[in-house]
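Take a moment to look over the sequence and the 3D structure before reading on.

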Amino acid sequence: MTGPDAIPEATPPADGAPAAAPLVDTHCHLDFPDYDEDRDRVVQAAREAGVVAMITIGIDLASSRRAVELAERYPEVYAAVGIHPLSAAEVTPTALDELRRLAQHPRVVAIGEIGLDYYRDRVPAAEQRRAFRAQLELAVECGLPVVIHNREAEADVWDELARMAEGAPLRGVMHCFGAGSDWARRFCELGLYIGLDGPVTFKNGERAREVARTVSEDRLLVETDAPFLAPHPYRGRRNQPAWVRLVAQRIAVERGRSLPDIARQTTANAARLFGLPLGA
Ligand SMILES: [Zn+2]
Ligand SMILES: [Zn+2]
């Protein structure tokens, strides 16, 4: 067998770029059952690929608890806790109390992923907005940044964030940003960062690449959203944090910069936003 499928799953791509360029995968889902068979190996592969930190993101209460456990187990892993808009019904006062408790853990660096997802109308918008607002308020209360999921809901996400920004300075990231460069600029004006992942490498990823070229350098973050959205040439396979390098590499090409430059900048941005104790 030849081609990318012949490469063992956890081997970082041998593309000649120095593995030493430190990277942060600011958004992955390491608690998913996709990694139950080989989680240690996946984390080790990330280490070997120069990934100095990974933030594993909760999508509901159960995964938020697991995210905290993983952050306790692996020194490079940090956790975000939160309830995804497609599970908005789970956001009850009891659930918010538990998130508040989890958020006190020293390895929890953000509230997320939270936001709005209008793709296919799976959960009523009013229900999603209620859950989003409650968790935004929790983040402000806890003094943590937010990890925002937006799918076809940018106008309403912007409204909610602008409303919060009136009361307190906003800190957070628009993860897996797919809404184009005009919206990217508007979210940056609110104080947010922009997270880019696999789609910048896709054939049909021009919209994400335009954002990669135009977003202000001090607001750019890289992520994988693993196990989803594996970058080219692994598209369609199970994604993993080691492959965040392929995302950074494509952004470097788009911006006419070197991979170590983009790595240094996005790592500094991640450290600043999430308060990660990354020495160099
Ligand atoms: Zn998401
Ligand atoms: Zn996600």
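Is His-175 buried or exposed? His-175 counts as buried, because its relative accessibility is 4% and the cut-off for buried is under 20%. Keep in mind that you are looking at a predicted model.

## The whole protein

Let's begin with the overall picture. The protein has nine helices and eight strands. Its radius of gyration is 17 Å, close to the 19 Å that the globule rule gives for 280 residues, so the protein is as compact as a globular protein of that length. Along the principal axes, the C-alpha atoms fill a box of roughly 50 × 40 × 40 Å.

Of the 280 residues, 57% are buried.

## The outside and the charges

The accessible surface of the protein comes to about 11,600 Å². Carbon and sulfur atoms account for 52% of that surface.

The protein carries 33 positive and 41 negative charges.

## The zinc ions

Now find the zinc ion (ligand 1). Which residues of the protein are its donors? They are Glu-113, through OE, His-149, through ND1, and His-175, through NE2, and they lie 2.1 to 2.2 Å from the ion. In sequence these donor residues follow the spacing E-x35-H-x25-H. The two histidines link distant parts of the chain: His-149 is in strand β5 (residues 146–151), while His-175 is in the loop between β6 (172–174) and α6 (181–189), 26 residues apart. His-149 is buried too, because its relative accessible area is 13% and buried means under 20%.

The zinc ion (ligand 2) is 3.5 Å from the zinc ion (ligand 1), and Glu-113 coordinates both. You will find Glu-113 in strand β4 (residues 108–117).

Most residues other than glycine have a negative phi, and most peptide bonds are trans. With that in mind, here are some spots to look up. The peptide bond from Gly-112 to Glu-113 is cis, with omega near 10°. Another cis bond runs from Ala-226 to Pro-227, with omega near 15°. Pro-227 lies in the loop between β8 (220–222) and α8 (244–255).

Two residues other than glycine have a positive phi: Glu-152, where phi is near 55°, and Cys-176, where phi is near 45°. Glu-152 lies in the loop between β5 and α5 (154–167) and counts as exposed, with 52% relative accessibility. Cys-176 lies in the loop between β6 and α6 and is partly exposed, with a relative accessible area of 23%.

## A tyrosine in a loop

Finally, look for Tyr-74, in the loop between α2 (61–73) and β3 (77–81). Although it sits in a loop, Tyr-74 counts as buried, at 7% relative accessibility.

What does Tyr-74 touch, not counting residues up to four places away in sequence? The answer is Arg-39, Asp-40, Val-43, Arg-47 and Arg-107. Take Val-43 as one example: Tyr-74 and Val-43 are 31 residues apart in sequence, and their C-alpha atoms are 8.1 Å apart in space.

Terms used
Residues are numbered from 1 along each chain as its sequence is written. Chains are lettered from A and ligands numbered from 1 in the order in which they are written. This is a predicted model: local features need pLDDT of at least 70, side-chain atom pairs count only at pLDDT 80 or more; totals for chains, interfaces and linings use all residues. Side-chain values use heavy atoms; hydrogens and water are left out. Helices (H or I, at least four residues) and strands (E, at least two) are DSSP runs, numbered from the N terminus. The radius of gyration is taken over C-alpha atoms; the globule rule is 2.2 Å times the number of residues to the power 0.38. Buried means under 20% relative accessible area, exposed over 50%, partly exposed in between (1.4 Å probe, protein chains only). Accessible areas come from the Shrake-Rupley method with a 1.4 Å probe; for residues, only the protein chains shown count as cover. Lys and Arg count as positive and Asp and Glu as negative; His and the chain ends are not counted. The place of a charge is taken as NZ of Lys, CZ of Arg, CG of Asp or CD of Glu. Donors are N, O and S atoms within 2.8 Å of the metal (3.2 Å for Na, K and Ca); water is not among the atoms, so sites may look incomplete. Contact means heavy atoms within 4.5 Å.
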